[in-house]
Amino acid sequence: MPGWMMLWPENPALSVLFLLVTLILFLYGARAPAHRGIAGAAKALNQGCKLTAQGIRSVQERLAARNREVLLSEGLEDAERQIDQEFQRISSAVDRDLGGYPALHRRLSDQVARIDEDYRRVTDTPPAPDSWTQTLHAAGELVEKAGTQPAAAKAVQALQTAIEQAHDDAMDKYRQSSRDRHDLLAKMVPAWRSMSSTLTRVEKSVGGIFERSRRIDELMSEYREIAAKSDVAERKLTSSTLSQFVIASFVLVVASLGGFINFQLIALPMSEMVGATSRLGSMQTSDVAALVIILIEITMGLFLMESLRITRLFPVIGRLDARSRRRMAFATLSILLILAGIESSLAYMRDMLAADRMALTQQLAGATVQRPEFMWIPAVGQMVMGFILPFALTFVAIPLESFIHSSRIVLGQVIVGALRVVAFGVDMFGFAADHAGKALKNLYDVVVFLPLKIEDLVIQSRAARVPTVSTDRSTSTA
Amino acid sequence: MNRLTFRRGCVALAAALLTAGCSGVPPGSGVFLLIDTSGTYAAELDRAESVINYLLGTMDPGDSFGVARIDGGSFSEKDILIRVTFDERPSVANDEKRLFLEKVGAFTDTVRSASHTDITGGVLQAVEWLNEVGPGHKTVLIFSDMEEDLPEGFVRDFPMDLQGVRVIALNVTKLGPDNVDPRVYATRLDEWRERVESGGGQFAVINDLERLDIALDL
């Protein structure tokens, strides 16, 4: 305790006691305004926090509504795109399979007519019923009866022989015609098979169209749900967008690694072309040049995918007519081919430089310079990689598009979540400030509990003496 | 895009490139190796050759490397064996290193012991060349016992301007008197340190050549 506070320096205890009593009395006297001050400050803080949280929640709700709008609009656009694609597929299937339907119908009719005709021709003509048998039987009886009369017997015998001959001839003809019919039936088999395969093809085409129409039905119901802005549709779209975001991010990371390998392949040989000493800021110019080549490849890949209508990042390209897009695709593919060739040769040069450096190191170390066997294998591998990687990087456009579209939604949702947490935090702070104010008031009363108790006793004794006097003076600690 | 915006874009791009291209320290390193050929130290030439080989292996295209011998009057172009700034293309730089190696090999095969040791003259010659080439980092390596023995009439007791130059004494062997009184060795090195640092340079001693990579930080 500072010396100036000691009223009786020779008796510190008395000085402290005096100061304590004075302080308690002062606090007792200032109790009401102090309570009001504490309560006011706590309330102001609480109200301020509430207002702030309200404002943050309002922003969060607006952002959530905007996110919802964006999500639904993108979902609607995507559904439209898918329906459009399905209709295009149906159209091409109809053009391809059913466009030739009149010819197919004619072919089927011809096949049916031919089969019908053949069928009529194969109708079986049964042999004469029992007449031949009866005639032969009668001829036999006549031969038996005329057994004793040689002339008659001879005549009957001749007759029988003639009849049997005629019968045999008739049977031969019947057999011949049966053979012909079987031949005709055998010839009908390919026609049946052809018809069967034609009909299977028709069934497949029609089945495919039915399948597509069922898919269109599903898409249409999805489209209707999205257009109706239903919660189910929103949940589905959110889940789908998150999946897309994760997958696209993963693929982009893989593609970045591919780009890094590509960079490593061409950075060193680039120094042969642009020099190893010049710098652009903190980077070597050769590194910048290699990076630029890779970025150009990715850009060409984007344009190629865009002109093939696989991605839709640039509406300007999407609006071009088919001929211009074909030209653009051809141009970008040509540039990619040239760049792939350049990269391949740079990769080969890298191998040569590495071998040269290794030889120099061996020479400097005093060892005999040796060219390891099978060094052509990594050289060829590097050349192939140098040629393939630019085309592989072309496909970055697809995950990039998904990433751009989905990140818009995901970022919005992350901000909404963060705002929600901040609003909750601010609310909690206001609540804590309010309760801290109450606790502070109680603490204040604990310090001045003695005068308060005395006050209570005084009031109670007065009340006992004057029962009519109201003793509702509160000693609230609240 | 209108013409004004395009012009502004071009100006901004050019300014960015210029700013990026004109960084404070020039790129590359410059190393000048002085080889003492006097007296018994000439026997250490094999180790000097190893140091040269190591340096050649670590130097990049665009770096500068020179080698000179220290003899009776080292402040002279005739003592410079070879000096080169390697080409910026790695393949050409490798060929230059091979040529460098050949010249150094020819020197070590034919060198004769010198009667005097003019280290200061060699340092002045090295610094002059390094300042002329202007690399980002300038290093003078002195492969010597650091015992200067000037011919009659040579004046070398003046301050040297070694601003921004690292002077590294390599393989400083102990002489006979050093063994008798090691303080002689320490005093010799301290005098050199004082001379170099008073001229604005940095001085270091590396006797363990395995530590050369750390000390040079090339």
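**View 1. The contact between chain A and chain B.** In this predicted model, 15 residues of chain A are in contact with 19 residues of chain B, two residues being in contact if their C-beta atoms, placed from the backbone, lie within 7 Å. On the side of chain A that touches chain B, helix H6 (231–274), strand S1 (279–280) and helix H9 (322–364) of chain A each supply at least two residues. Helices (H or I, at least four residues) and strands (E, at least two) are DSSP runs, numbered from the N terminus. H9(A) gives the most to this side, with seven residues. By class, the residues of this side of chain A are five nonpolar, six polar and four charged; Ala, Val, Leu, Ile, Met, Phe, Trp, Tyr, Cys and Pro count as nonpolar, Asp, Glu, Lys and Arg as charged, and the others, Gly among them, as polar. Residues are numbered from 1 along each chain as its sequence is written, and chains are lettered from A and ligands numbered from 1 in the order in which they are written. Because the model is predicted, local features need pLDDT of at least 70 and side-chain atom pairs count only at pLDDT 80 or more, whereas totals for chains, interfaces and linings use all residues.

**View 2. The sheet of chain B.** Chain B holds seven helices and six strands. An open sheet of six strands in chain B has the order S3-S2-S1-S4-S5-S6, with mixed pairing; two strands pair if DSSP finds at least two bridges between them. Strand S3 (80–85) and S6 of chain B are the edge strands, each pairing on one side only. On average, neighbouring strands of this sheet are turned by 15 degrees against each other, direction ignored. Strand S1 (residues 29–36) and strand S2 (residues 64–70) of chain B run parallel and are joined by seven bridges, with B:Ser64 in S2(B) as the bridge partner of B:Gly30. Helix H2 (residues 45–58) of chain B packs on the sheet and touches S1, S2, S4 and S5 of chain B. The direction of H2(B) makes about 170 degrees with that of S1(B); axes are lines fitted to C-alpha atoms, for helices over the stretch in contact, and angles run from 0 to 180 degrees between N-to-C directions. Helix H6 (residues 182–198) of chain B also packs on the sheet, touching S5 and S6 of chain B, and its direction makes about 150 degrees with that of S6(B).

View 3. A residue is buried if 20 or more other C-beta atoms lie within 10 Å of its own, exposed if 12 or fewer, and partly exposed in between, with C-beta atoms placed from the backbone. Strand S4 (residues 137–143) of chain B pairs with S5(B) in the parallel sense over six bridges, and B:Val165 is the bridge partner of B:Lys138. Five bridges join S5(B) to strand S6 (residues 202–206) of chain B, again in parallel. B:Arg166 lies in S5(B) and stands opposite B:Gln202 in S6(B). B:Arg166 is partly exposed, with 19 other C-beta atoms within 10 Å. Neighbours within four places in sequence aside, B:Arg166 is in contact with B:Lys138, B:Thr139, B:Gly201 and B:Gln202.

**View 4. Helix H3 of chain A.** The number of buried residues among the 21 of H3(A) (residues 101–121) is zero, so this helix lies largely in the open.
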